[in-house]
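This report describes the chains of one complex, from overall dimensions down to individual strand pairs. The structure comes before the description.

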Amino acid sequence: MGAATERRPAAVATAPVPFRVLRRRRETADTWTLELEPIAGEGLAAEPGQFAMLYAFGVGEVPVSISGDPTRPGPLVHTVRAVGPVSQAICSARPGDTLGVRGPFGSAWPVEKARGSDVVIVAGGIGLAPLRSALYTVLANDADFGSVVLLYGGRTPADLLYRRELERWRGRLDLDVAVTVDTAAADWRGKVGVVTQLIGRAAFDPSSAVAFVCGPEIMMRVTAQSLVDHGVASDRIYLSMERNMRCAVAHCGHCQFGPTLICRDGPVYRHDVLAPLLEVREL
Amino acid sequence: METIEVMLRDIPFFDGLEAKELELLAGCASNARFQEGELLFREGDKADTFYAVRHGTVALEMFVPARGAITIETIEEGEVIGWSWLFPPYRWHFDVRALELVRVTAFDAACLRGKCEADPVLGYSLMSRFAQIMIERLQWTRLRLLDLYGRGD
Amino acid sequence: MIAPQALEALVGTLRGRGYRVVGPLVDQGAIVYGDLQSAEDLPKGWTDVQEAATYRLERREDEARFGYAAGPHSWKQFLFPPRIRLWRATREAEGGFAVEESEHDEAPLALIGVRACELHAIAIQDRVFLGGAYAERDYAARREGAFVVAVNCFEPGGTCFCVSMDTGPKATEGYDLALTEILDGTHRFLVEVGSKQGAEVLGELPSQSAEPADLEAAQAAIDGAAERMGRTLDTGGIRDLLASTLEHPRWDDVASRCLTCGNCTMVCPTCFCSTVEDVNDLGGEAAEQHRTWDSCFSVDHAHIHGGSIRPSGRSRYRQWLTHKFGTWQDQFGTSGCVGCGRCITWCPVGIDVTEELATLRKPEEEDDGDD
């Protein structure tokens with residue numbers, strides 16, 4: 001199972017390189033966005049959809065997608081959810097602290113495949129973090145694409161990421177943004193419902209559109225099926241898979257998903273290739 | 001000023017109904033509008049109206065003691081609200097509030113029920129449409145029940 | 001051709017050249033791989049009796065040095081050790097830290113007695129660790145300096161099926177020297193040279209050229225082994241078979257027997273799963289990352305936040321078997337199995353992969369789980 005796109009191996013693959021935390025912004029109760037710069041040497045030159053292994057001194061490493069703007073030079077940006085000891089340690093890092101970084105690894109969102117077509121980006125929860133990089137790339141070259149649609153579903157309004165940016169994106173004429181939450185208090189004036197409900201109303205041409213979907217596995221599976229039901233071709237829908245990852249260089253065997261190694265062939269995959277695997281329980 | 005029948009053709013719920021059937025339904029209907037923040041109906045009220053939203057968004061809410069008013073779902077233009085009027089005890093289960101200026105076509109429930117009983121073909125047609133909407137909404141709600149974005153702990 | 005006594009010179013020559021010489025020896029009732037001080041450490045006159053969940057040693061009537069099959073050890077413990085340090089990070093004055101990758105600085109290895117199946121297993125691990133975009137540094141260093149003395153099997157084990165896997169019993173490549181032990185009255189070894197270093201080392205041993213009768217005797221010994229395989233396996237279309245039988249009832253059956261102890265993954269010469277452990281000193285000044293062996297039978301192997309992807313033993317056994325014979329081909333272009341039979345011998349409940357795979361070929365209605 002080959003990678004969706006070919007790329008060079010990461011320059012920094014086997015041991016972390018120290019990066020300094022420049023900024024730290026709290027997104028939600030358990031999620032922070034960190035901006036990092038290398039203490040020495042070059043940055044990571046990552047493409048949207050790729051990930052890096054972030055290291056907290058003495059605690060360990062976790063894979064985190066890049067969520068910055070690959071079209072502009074600048075710091076490495078990662079949005080991290082604190083769900084375990086390593087991610088908690090990373091989320092506690094303050095400006096001036098040092099984290100280890102190695103990467104970038106994995107396959108990228110194939111933005112070029114969407115040239116000339118409408119682009120539908122569907123994000124669930126923290127899935128917006130890796131998709132934001134793809135969105136930046138599309139918007140930086142918006143003349144090359146048709147309509148661009150962002151559909152974003154979160155748990156509650158307090159769990160939405162990048163709120164200020166979402167509002168800025170709403171103001172753009174070249175981007176159609178729809179946001180919904182699973183549940184909200186009555187002071188929320190926006191939509192309440194599951195993110196797949198947004199697909200039917202979004203303005204795009206399914207017969208040629210390319211879709212990038214990221215979120216919990218069930219959300220991606222259901223969203224992809226819903227896109228197919230609305231007429232989007234299965235081989236023009238891309239998902240980003242997640243599995244336990246230790247080495248990120250295809251040596252440790254942990255990220256296997258049936259015939260594929262997610263750190264090497266993914267995390268971005270075409271839906272038609274993934275669909276039969278997604279149906280197998282405990283694969 | 002468009003007739004109600006013409007307005008109904010813009011609502012997907014009524015797709016495929018014949019002109020005669022639309023005329024029959026229109027006979028039970030009137031237009032209404034609600035300002036932002038206004039309640040269309042309250043939980044516990046008698047469910048005697050079926051609404052088709054022509055413009056604007058409404059929120060289905062439930063008041064939960066100590067948590068306040070929680071929005072269960074939002075319904076937008078082109079969609080329909082309410083099925084508690086279909087079967088006894090004809091009582092609303094939620095508050096429904098306009099989130100902005102909302103224009104609706106409101107159908108008298110007793111009138112609609114009467115027409116369905118008198119014309120079973122029309123009755124079956126409407127029931128199928130309601131069943132489809134309920135299935136879709138139930139499916140969406142079940143997905144939200146999984147709390148997929150939660151921490152899983 | 002060399003005499004058995006020349007093996008002492010072989011070990012001596014290799015030690016003299018600075019190699020750490022490892023090979024088979026008897027320890028605690030098994031033939032394992034360890035350091036050889038001299039050729040006297042070899043299991044002279046021993047053989048093994050292997051069956052599912054059974055292993056014991058028996059005395060031979062001759063003084064064969066290599067009259068047995070694969071034991072619980074494989075060469076991966078030397079090339080891919082159970083624990084190594086990958087790198088060390090030390091805190092710096094200004095609050096950051098510096099990282100230093102560990103270098104392999106041990107003596108090069110000389111492996112004595114590598115079977116054909118094991119040569120294939122090493123080649124399979126070469127593809128995993130060296131054949132992708134990233135080379136495993138430690139493995140590459142150990143591998144590069146290694147001197148390999150292969151041995152052609154004449155005494156296959158009760159669970160061997162290298163013939164079915166097309167990995168033996170004859171060693172065809174990947175060695176510096178290959179020995180075939182001949183016991184037809186005159187105990188001697190046919191030596192085949194596989195590399196320049198092999199030729200050099202052979203040059204330091206007392207030897208004479210081989211006669212046609214020697215070649216015939218050697219071939220007869222190897223052919224004899226091929227005819228006495230303990231198991232067979234039909235490998236036709238096995239990758240597709242495994243991909244299409246993921247819900248076969250046989251998985252429930254094997255799950256009721258499998259203890260998920262992971263023995264199979266430890267004895268298997270190709271299993272390569274590892275994990276990393278982050279350790280720090282008590283003062284918090286230095287931290288290290290170590291690579292350690294791991295097994296897909298551990299619940300933790302497929303853990304993501306929220307829980308394990310494979311909580312059931314059924315799914316983990318299925319993962320191991322389908323990976324070994326099926327998805328390994330998708331991932332690395334070869335099978336993961338070399339037919340050594342260790343997993344069958346060392347499974348405490350005697351699960352036999354050849355039997356499991358044969359059952360998967362039967363249509364699902366036929367398998368009533370009564371086996």
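The model is predicted, and local features are described only where pLDDT is at least 70.

## Chains A and C overall

Chain A contains 6 helices and 16 strands. Its radius of gyration is 18 Å, close to the 19 Å that the globule rule gives for 283 residues, so chain A is as compact as a globular protein of that length. Chain C contains 13 helices and 14 strands. For its 371 residues a compact globule would have a radius of gyration near 21 Å, and the 22 Å of chain C agrees with this.

| Property | Chain | Value |
|---|---|---|
| Extent along principal axes | chain A | about 50 × 45 × 40 Å |
| Extent along principal axes | chain C | roughly 70 × 65 × 35 Å |
| Buried residues | chain A | 56% of 283 residues |
| Buried residues | chain C | 45% of 371 residues |

Contacts between residues at least 6 apart in sequence can be split by sequence separation. In chain A, 72% of these contacts join residues at least 24 apart. In chain C, 70% of these contacts join residues at least 24 apart.

## Two domains of chain C

The domain assignment divides chain C into domain 1, residues 6-227, and domain 2, residues 238-366. Their C-alpha centres are 25 Å apart. The contact between them involves 37 residues of domain 1 of chain C and 33 residues of domain 2 of chain C.

On the domain 1 side, the elements of chain C that give two or more residues are β4 (54-59), β5 (83-91), α3 (116-130) and α5 (162-165). Of these, β5(C) gives the most, with 9 residues. Sorted by class, the side of domain 1 of chain C that touches domain 2 of chain C has 20 nonpolar, 10 polar and 7 charged residues.

## Contact between chains A and B

Chain A puts 23 residues into its contact with chain B, and chain B puts in 18 residues. The elements of chain A that give two or more residues to this side are β10 (184-185), β11 (191-192) and α4 (217-229). The largest share, 3 residues, comes from α4(A). By class, the side of chain A that touches chain B has 11 nonpolar, 7 polar and 5 charged residues.

Strand pairing also crosses between these chains. β10(A) pairs with strand β5 (residues 68-75) of chain B in the antiparallel sense, over 2 bridges. Within this pairing, Ala185(A) stands opposite Ile70(B).

## Strand β3 of chain A

Which residues point to each side of β3(A)? Phe51(A), Met53(A) and Tyr55(A) point one way, while Ala52(A), Leu54(A) and Ala56(A) point the other way, and all are buried.

β3(A) has antiparallel pairings with two strands described here. With strand β6 (residues 98-105) of chain A, the pairing runs over 4 bridges, and Leu54(A) stands opposite Val101(A) in β6(A). With strand β4 (residues 60-65) of chain A, 6 bridges join the antiparallel strands, and Tyr55(A) stands opposite Glu61(A) in β4(A). β3(A) and β4(A) form a hairpin with 3 residues between the strands, where Gly58(A) takes a positive phi near 80°.

## A sheet in chain B

Chain B has an open sheet of 4 strands in the order β1-β8-β3-β6, with antiparallel pairing. β1 (29-34) and β6 (80-81) of chain B stand at the edges, each with a single partner strand, so one side of each is left without a neighbour in the sheet.

Inside this order, β3 (residues 49-55) and β8 (residues 102-108) of chain B pair in the antiparallel sense over 6 bridges. His55(B) in this pairing stands opposite Arg103(B) in β8(B).

Methods
Residues are numbered from 1 along each chain as its sequence is written. Chains are lettered from A and ligands numbered from 1 in the order in which they are written. This is a predicted model: local features need pLDDT of at least 70, side-chain atom pairs count only at pLDDT 80 or more; totals for chains, interfaces and linings use all residues. The radius of gyration is taken over C-alpha atoms; the globule rule is 2.2 Å times the number of residues to the power 0.38. A residue is buried if 20 or more other C-beta atoms lie within 10 Å of its own, exposed if 12 or fewer, and partly exposed in between; C-beta atoms are placed from the backbone. Two residues are in contact if their C-beta atoms, placed from the backbone, lie within 7 Å. Domain bounds come from an automatic or database domain assignment. Ala, Val, Leu, Ile, Met, Phe, Trp, Tyr, Cys and Pro count as nonpolar, Asp, Glu, Lys and Arg as charged, and the others, Gly among them, as polar. Two strands pair if DSSP finds at least two bridges between them.
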